[in-house]
Amino acid sequence: MSNDYRYKRVLLKLSGEALMGDAGYGIDPKVVEDLAAQMKQIVDDGIEVAVTVGGGNIFRGMAGSAEGMDRSQADYIGMLATCMNALALQDGFERAGIPTRVMSAIEMRQVAETYIRRRAIRHLEKGRVVIFAAGTGNPYFTTDTTAALRALEIGAECLMKATKVDGIYDCDPVKNPDAKRYDRISYIDVLAKGLHVMDSTAASLCMDNKMPILVFDLTVNGNISRVLKGENVGTTVE
């Protein structure tokens, strides 16, 4: 592994929305291709990478629940949406020459391995990217919480939260041009100020187990590598 990197094993949290690009729905192949190119760089440098992906570009459980659907049923549909995204990512990664495994918390043996912690760690040790699909397999848990849980389970050194903005601000930078970006912020401040970096369950899980969260802009090419090298990109929650 190149000595430039600050972290050896990481978990990257992608929102489903990040995959749809400007399309407004579904999966934009160009976004997947660009992400695969960034991933190839760090995997070739010896970084062990796991990914959790949301499903909001296809179906949002909370939105379905708000429309009157049973919350558990809506959440299960959302989990299946994450599986579609995981398979699309796997295809893109493998076309870029990255060995990839999809592990699902809901058993679907024809398309994905069932999630087993020790097997996931073994894949990482062998240089494969592991994509975690179907959340935790339980309703009422977001993919943010899944990311925090899986990062801890696999012994990741940090949780990378990929967004469309370049870090955490004290207020919405889109609405307020004077918004201030934090370079570093504590978990407790994130929770107390209601900054919506991750939901409170995920933030608390990271806080209790001292898992740093790196929040950065995925849309800038090369940012994944820069963040892992400790460059001043985005915001660190610790």
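Nine strands line up in an open sheet of mixed pairing, in the order 4-3-5-2-1-6-10-11-9; strands (E, at least two residues) and helices (H or I, at least four) are DSSP runs numbered from the N terminus, and two strands pair if DSSP finds at least two bridges between them. The edges belong to strand 4 (113-114) and strand 9 (184-185), each of which pairs on one side only. All of this comes from a predicted model, where local features need pLDDT of at least 70, side-chain atom pairs count only at pLDDT 80 or more, and totals for chains, interfaces and linings use all residues. Residues are numbered from 1 along each chain as its sequence is written, and side-chain values use heavy atoms, with hydrogens and water left out.

Strand 2 (residues 48-53) and strand 5 (residues 129-133) run parallel, joined by three bridges. Thr52 has Phe132 of strand 5 as its bridge partner. Helix 2 (residues 29-44) packs on the sheet and touches strand 1 (9-14), strand 2 and strand 5, a contact being heavy atoms within 4.5 Å. The direction of helix 2 makes about 150 degrees with that of strand 2; axes are lines fitted to C-alpha atoms, for helices over the stretch in contact, and angles run from 0 to 180 degrees between N-to-C directions.

Then there is a helix pair. The axes of helix 6 (residues 143-153) and helix 8 (residues 200-208) come within 7 Å and cross at roughly 20 degrees, which makes the two roughly parallel (angles under 35 degrees count as such). On the helix 6 side, the contact is made by Asp144, Thr145, Ala148, Leu149 and Leu152, and on the helix 8 side by Thr201, Ala202, Leu205 and Cys206.

Technical notes:
Angles under 35 degrees count as roughly parallel, over 145 as roughly antiparallel, 65 to 115 as roughly perpendicular and the rest as oblique.
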